[in-house]
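Subject: Structure handover

Hi there,

Here is the structure I promised to pass on to you.

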Amino acid sequence: NPLKFTVEEITVAQLYPETDEPVNILNIKRGIVSALMVPVIEDETKSFMNTVHGQCLTDHLVHARKDIATDVTLSRDLSQCDQFYSRELVNSPLAMLQKLHRPMSKLITSTQDCNYKFENKGKHITAAICTEKHIYLPFSHEDNVISSVVTQDIIFKSSKRINNKVFEVNPSQSKPLHFEGPEDKAPVQTKDTVLSSLQDLVTLAGKDQSRKRASLFHKFVSSLRVLRNETLSQALTEMLNMSGWLTWQALLQCGTTECSSAMLHAIRTNDGLSPGVDALVYGLSLQPHPDATLVRDMLSMAQYKQSRAIMYALANTVKKFHKADVSPVVKDVSKFFETLLNDCSGEILDEDTLADHEDMSFLVLRVVAVMGQAMQAANPSLISSILRCAKKTDIPLSNQKAAIQAFRLMDINDEVRNIFMEVYEDAQSPVEKRVAAYLMLMKSPDHALVTNILNNLENVRDKQLKSFVVSHLKNIHKSGETQMYQSRKDIELVLEDTNTLVDGMSSHYKIESVLGSIQSNIIFNATDTLPKEVMLETTLKVFDYNYDIFEVGVEGTGFEPTIDALFGEQGFFPDSISKVMYWAGDKANILREVLEKVFPEKDRTKRQVPENLLKYIANSAQKLMEDVHVSPAPETIAYLRLLGAEIGYMKTKDMRNMAQTLSMYYHVFMRELPVKVRCVDF
């Protein structure tokens, strides 16, 4: 194909290739065009030139001159060119040392010298020799160097005159002069090489030729990396039939998007809902630079199975993929979550599935929080749905808070700010929900917001909420944050008469140093003595930037009836221990002394000792079991965030399910299998 291009004053060059031009062929043509570009040599000794490495600062040196400069050398440091960067080859995701191409490329110096000979009469190039030299610094000293030299030699032979230099082009199809990364795929797509390599590996098993396994396996993995989706999909079934174990090993080592797609396709079609699926999918989401294909595959996997690990895997992939512009696949992800959320409504569900829907809504809200910026940019309708969840009062409190906390990575606009202010000022809402709304408001506060909160502080009747807000504002005042400079004096005036915080009251704690900060939230409510929420967060400060290291939080409800049945005034332990102490008065003085230390006289009331003490204690234990059984089951939610990304969460019922699973495995391995073994031996 002929290559059409335009050049404007050596600094701007545009190429107009044919639509079917392969990238690797176009790069060769780029190199030829770049080698033939020479600036007008005047008095300047330096100039910026457009090359295959981008805009480069170039030194000029004239060796001979007649009417024009006839012998010229151009020299440039390629590392200073704006499009000169290391190219990354596909490597194994399981490799212990990852992404070494960038730091290693900094240890290489690259220069280019181009010498041109011009004909004085015709004023055109007669010869051009460009030499690139790349020196590896760690093993180079003085004249002893390890280097790579690339030479491009162009000689003028003849030219064909053309009268028309004007051509029609489509500006949308223009390409820059600098190199493009070619698609690292085989030009001829066939599955024969892959199947042949796998067959050789399978045949090698059982033979005394193990030394060949490494090279054959490398050949197998390399042949997978050059296949496109269509070809790999056709070969996948045959590969799994030949050897599923070797196929999975190779796919895990492959590292291309096509191999990731093949693994997810195999999971959906063959492995079903096996326990290892979640771990594998979550592991695939840890790739640092996902593309649209991987996001699409993760979305398909989440549509197939909405497990917690897969949903978080999709969120982590979208978060790393989304930059500025919203891509179609991100919009599809947002619509998928909007459908699952359904405004946190269970109206269309029966009673048996309502609890599952509430759990799914909670999961969706937590997952959306991970990729908040992408979802906010892609789907305003989803954001409105989350806000409706935050305003609801007929759904679980944990879901209400999760809807509010879903905005932790989003921009707080006026609509969101107004709704959260309504939640914060609603005296009928639980203190935990009001604190969550307050913290979201204070994520990016301005002077007007802080002034509004300070002015309404006297109207806050909930002592726990007021205690938390006061402690939070005091820590802001101490922190010296620049964005709070205008509000610092207002905070000082309003809070100067407030009392010191006491135990049992909700508080915000923060410790700062030159290295970072540690902060914690402890939230109580007005009726319970146990904290409802506890959060601990650490932040590292480097070069005036704050980096979240980790955050761990625990939220718990429903523990009070159980604790009261155990340790309350009429609870099992005070009542039983008191009777044991009086019974042990003359019969076991040592036991009485021990019990006195654990339960002093001032902490118990005198109780009459029954005649049959053991029977009474047994009846008390039975009553304890009944009280615990009829009381609501305590519920706990614990979450962990590392480097600002939420890893996941765990609820109490998850722990119960884990215990049941472990019990099942214990029953199988410790009881049933030994019986079967004995039967076989017999």
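**Ground rules**

Please keep in mind that this is a predicted model, in which local features need pLDDT of at least 70 and side-chain atom pairs count only at pLDDT 80 or more, while totals for chains, interfaces and linings use all residues. Residues are numbered from 1 along each chain as its sequence is written, and side-chain values use heavy atoms, with hydrogens and water left out.

**Confidence and overall make-up**

The mean pLDDT (the predictor's confidence in each residue, from 0 to 100) is 78 for the chain, with 75% of residues at 70 or more. Residues 602-609 have pLDDT below 50, yet this stretch has 18 contacts (heavy atoms within 4.5 Å) beyond near neighbours in sequence. Residues 676-682 also stay under 50, and there the model has 0 contacts beyond four places in sequence. Where pLDDT is low, the predicted coordinates should not be read in detail.

The chain has 25 helices and 15 strands; both are DSSP runs numbered from the N terminus, helices being H or I of at least four residues and strands E of at least two. Of its 682 residues, 40% count as buried (under 20% relative accessible area, against over 50% for exposed and partly exposed in between, with a 1.4 Å probe and protein chains only). Among contacts between residues at least 6 apart in sequence, 61% join residues at least 24 apart.

An open, antiparallel sheet of 6 strands runs in the order β3-β4-β5-β6-β7-β8; strands pair if DSSP finds at least two bridges between them. Its edges are β3 (46-51) and β8 (144-155), each of which has a single partner strand, so one side of each is left without a neighbour in the sheet. On average, neighbouring strands here are turned by 25° against each other, direction ignored. Helix α1 (residues 23-35) packs on this sheet and touches β3, β6 (108-118), β7 and β8, and its direction makes about 80° with that of β8. Such axes are lines fitted to C-alpha atoms, for helices over the stretch in contact, and angles run from 0 to 180 degrees between N-to-C directions.

At the β8 end, β7 (residues 125-141) pairs with β8 in the antiparallel sense over 11 bridges, and A127 stands opposite I155 in β8. At the β3 end, 6 bridges join β3 to β4 (residues 54-65). A hairpin of 2 residues connects β3 to β4, and K46 has D59 in β4 as its bridge partner.

There is also an open sheet of 3 strands, in the order β1-β2-β9 and with antiparallel pairing. Its edge strands, β1 (4-8) and β9 (175-176), pair on one side only. Between β1 and β2 (residues 12-16) there are 5 bridges, and the partner of T6 in β2 is Q14.

**Cores and rings**

Which residues have the most contacts inside the largest nonpolar core? They are L224, M311, F337, I386, F407, F420 and Y424, in a core of 112 residues. A nonpolar core here is a set of buried Ala, Val, Leu, Ile, Met, Phe, Trp, Tyr and Cys residues joined through side-chain atoms within 4.5 Å. Helix α12 (residues 351-370) gives the most to this core, with 9 residues. Apart from it lies another core of 15 residues, including V72, F118, I125 and A128.

The whole structure holds 8 aromatic pairs. Rings of Phe, Tyr and Trp (its six-membered ring) pair if their centres lie within 6.5 Å, and planes under 30 degrees apart count as stacked, over 60 as edge-to-face and the rest as tilted. F362 and Y649 form an edge-to-face pair, 5.0 Å centre to centre with 85° between the planes. This pair links F362 in helix α12 to Y649 in strand β15 (residues 645-651), 287 residues apart. Both F362 and Y649 are buried, and ring pairs link Y312, F362 and Y649 into a cluster.

E551 is found in strand β13 (residues 545-557) and is buried, with a relative accessible area of 13%. Beyond four places in sequence, the contacts of E551 are M535, L536, E537, Y639, L640 and R641.

S223, in helix α4 (residues 213-225), is buried at 8%. Not counting residues up to four places away, S223 touches T193, V194 and S197. The C-alpha atoms of S223 and T193 are 6.7 Å apart.
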